[in-house]
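Please walk through this structure by way of its pockets.

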Amino acid sequence: MSKKSIRQVNLQGKRVFMRADFNVPMKDGVITDTARIDASLPSIRMLIDQGAKLILASHLGKPKEAGDPAFSLKPVAMKLQQRLGKEVKFFATPEVVDDSVRLAVENMNEGDVLLLENTRFLEGETKNDPQTSALFASLADAFVNDAFGTAHRAHASTVGVPTLLPIAVSGLLIEKELESFEKILEHPKRPLVAILGGAKVSDKIRVIENLLTKVDKLLIGGAMAYTFFRAQGRKVGSSLVEEEQIEFAKQMLETAREKGVELLLPIDTAGSTVFEDIEPTVYGDVDFPDDFRGMDIGPKTIELFCNALDGAGSVVWNGPMGVFEMEHYSTGTKAVAIKLSTLEADTIVGGGDSAAAIHQLGLEDKMTHVSTGGGASLELLEGKELPGIAILEDM
Ligand code: ADP
Ligand code: MG
């Protein structure tokens, strides 16, 4: 399962096509969070130091029209230039690869960096069209994938190009993501505890199934918990429930019993009669009134979950414990995040919103690993092999 990375190859003098994840949030042409750019810097710096001729590629958002300036990678080129303290060549061309790009690549020296325009300006990108892949591959001698956030997508720049080049390895970010998930899923320090939350059971069906074969304890919070409450025959008022998943939740409760996995559900719930950021009411382990909607785990559950985490060897967390976007309902999510930050255990956070919660709290340095890919990390937790990774050379 281990894949070769840029540590195991020498790319000096080679033209390297590196697929990065520069899909950064933007507002009015300004990058509002540079985390993804920053996460790619170690690989970029290593390739510059190796003396590669570095051609960077990424998508940004979902442009409907090639060349739409709102989706241009120009701001990313400027930011990269700032971070690296060296020139990053960039051509704002809707064709992505045109004659000026070709000429610039021909004239690159070792250690030079060029960023291509948004790969999704080409229709063939998301279709994994062979011509688009060939166009990209024609620029380079080697392929590096460091775009963990899109590794679960089979696109031209993620799986097409590597099939056409003699060298295809991962960057340092993908290497770290893989090592972290492999460790926790394949040979974790035990006990291994998983915390699952978020909005929908249906998003996480395979994650729940897969984790139940691996963990010692499973803590379930977030809206997901209410479908499990229903599976236990409880009334959950106006809380979010997926009726069609109640049967699945029943099965999972049964599977946990069979496998001897300790499955903990909330014992109290904070919520309100309106979906607004106001002072919560808390109900215990009872049927909720019809107009009550659960929006967070309650104080007793926080204590229960924190105690369950004491002495853990490894923890994997996906999905917030409540509507953490609202101050009054962020208590459970914050408490779990802070608890994780105090543990000796290996701690991994996957999922876009859970990672956002960790970043909001500034706790990323206290975790063993906070994944940079929402969807991609979920697929790893499902036990799937990601196409953008499967295609890379094995160790
Ligand atoms: P992740 O991105 O970490 O995988 P999800 O996308 O599955 O997480 O879930 C995040 C969403 O779940 C958040 O928008 C949050 O508001 C919502 N959520 C969590 N708890 C509840 C709840 N009790 N009721 C409604 N929404 C909830
Ligand atoms: Mg999400």
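A pocket is found on a 1 Å grid over the protein atoms alone, as an open set of points where a 1.4 Å probe fits, with protein on both sides within 12 Å along at least five of seven lines; lining residues have an atom within 4 Å of a point. The space taken by ligand 1 is the second largest pocket. This is a predicted model, in which local features need pLDDT of at least 70 and side-chain atom pairs pLDDT 80 or more, while totals for linings use all residues. Residues are numbered from 1 along each chain, and side-chain values use heavy atoms, without hydrogens or water.

Around ligand 1 there are 18 residues (a heavy atom within 4 Å). Nearest are K204, N318, E325, D353 and S354. By class, the shell has six nonpolar, nine polar and three charged residues.

The largest pocket has a volume of about 870 Å³. Of its 36 lining residues, D21, R36, S371, T372 and G373 are the closest to its centre. α1 gives the most to this lining, with five residues, and α12 is among the elements that supply at least two. By class, the lining has 10 nonpolar, 15 polar and 11 charged residues.

Key. Chains lettered and ligands numbered in written order. Sits in = over half its atoms within 2 Å of the grid points. Nonpolar A, V, L, I, M, F, W, Y, C, P; charged D, E, K, R; others polar. Points joined across faces, edges and corners; volume = space filled by probe spheres on them. Helix = DSSP H or I, 4+ residues; strand = E, 2+ residues; numbered from the N terminus.
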